[in-house]
Amino acid sequence: MSGEAYDVVIVGAGIAGISTAYFLAKAGQRVCVVEKSVIGHESTGRCAGNICQSHRHPADLPIAMRAVQLWKQLLQESELDFEYREQGNVRLAWNEEHAAKLKAMVERERAGGLECYFIDRAETRKLLPIVDGPFLGSVYSPTDGSAQPQLAVLSLARAATRFGVVIHEHCEVTKVRVTGHGVAGVDTTRGRFDTGTVLNAAGAWSPQIGQMVGVQIPAEVRRSHLMLTERLPRFMGPVVSTDMYGYFRQALSGNVLIGYAARPVEGFERRVTREAVAIAMRRASIIVPQLQHASLIRAFTGFTVWTPDLLPIMGPVPHVKGLYVAAAFCGLGFAIGPAVGELMAELIVTDRTTIPIEAYRLDRFN
Amino acid sequence: MADRRISNGVARGTAFEILVDGRSIPAHEGETIGAALIAAGIHGLRHTAKRHEPRGMFCGIGLCYECAMVINGVPNIRACQTLATPGCTVETQKGLGRLGGAE
């Protein structure tokens, strides 16, 4: 394994790293992914799997829409059903001011080509009879959806290996080698890899990887909670997003996923807090009252990575030839994963991207 | 219905009746619903969601959820962990617990 040479070495086997590997390999590149744990073990495998195009930063919309096209293609090509479904998303509006903001967002997004509507409370309850709480309407985006994230990243990893990608798990990067000419390779706990191109897709550990070559990645790691109820008969169609009361999605198996917003955390503390579970369930009881009678069977945490302007970091690292970053997706990385991969592969191979990613440059923070 | 309780030399709590799918069966203070059901020879407690196959008590200690029944109108209640009370209603649960709980 030592001293193997690749066109590209990718650090991190989450959705961003695996997607990029897939598209690079399809373009004929020799790719190796090094992962400190196992594929999808961190943020990707711990997220709710929501795939939202609506309610993102305006710069993201074309990327999010491209991602939906890719998700559909990937599902068709996959031998494994990773449960990508276009069940729609409903985002509740709490007051007139909030509704006005959402209506403006709907106008902007429709102009960008996204199918979405502002609907009133009665229409919202027709879509979701089980939803209650003090909302006065909602944004309905029917082409939003979800997937099972662990299965999705696994499926994409398998597809990538069929195109020749090599994935090393339990393989932690200890050093990124840079010479006067740029990137020369990475040293890991399982050997040295030589390459002229390294992609830092290490999620919550991307700042650490950056530090190895003196590159500052100004991203804050926060802890998000996700809770799961017992299996229930199907009663929720679209995903329910509430901004303040968490988000809810009934998986294909019948379990309801309940998300609780990210909070700053010391170190990489993974423990589930009683407070988060109690608050999330209390809010769930307001929005979906019937959940009061459901049992919670599991709660877990994952890290999400946030930049000061809530935009991800995608692009080359200035002053270090051959080094790239695709990280800090502010809790919305899974949805756009395949498009991130396609764009990063384009950037690495052709130095251009078909959808602009200037807004995500690392050096915008200087 | 046969009563499978050991009677020789065993003192039990107050006797009363519980309703199981509409039929009365005996129970004693201190018994779980699971125990009362087994004493009455009732082993099929629920049906699975996909293939509607019967299931009964397995671990008996509250971990496996095979004994989940609709008890006093609330689904997914473990019979092996729930004490029998006079007049409580117990129903074979068919598939996933319906939402809404006690009605």
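In this predicted model, Arg46(A) and Glu42(A) join their side chains in a salt bridge with an N to O distance of 3.9 Å, a salt bridge being a side-chain nitrogen of Lys or Arg within 4 Å of a carboxyl oxygen of Asp or Glu. Both residues, Arg46(A) and Glu42(A), are buried (under 20% relative accessible area; exposed is over 50% and partly exposed in between, with a 1.4 Å probe and protein chains only).

Local features need pLDDT of at least 70 and side-chain atom pairs count only at pLDDT 80 or more, while totals for chains, interfaces and linings use all residues. Residues are numbered from 1 along each chain as its sequence is written, and side-chain values use heavy atoms, without hydrogens and water.

Over all chains, the rule gives 23 salt bridges. Three of them are listed here.

| Salt bridge | N to O distance |
|---|---|
| Arg46(A) and Glu42(A) | 3.9 Å |
| Arg12(B) and Glu31(B) | 4.0 Å |
| Glu53(B) and Arg55(B) | 3.2 Å |

In chain B, Glu53(B) is partly exposed at 30% relative accessibility, and Arg55(B) is partly exposed at 30%. Arg12(B) is partly exposed, with a relative accessible area of 36%, whereas Glu31(B) is buried at 11%.

Between chain A and chain B, the contact (heavy atoms within 4.5 Å) involves seven residues from chain A and nine residues from chain B. The two chains bury about 770 Å² between them, 63% of it on carbon and sulfur atoms; buried area is the accessible area (1.4 Å probe) that two parts lose on being put together, summed over both. Across this interface, the rule finds zero salt bridges.

Key
Chains lettered and ligands numbered in written order.
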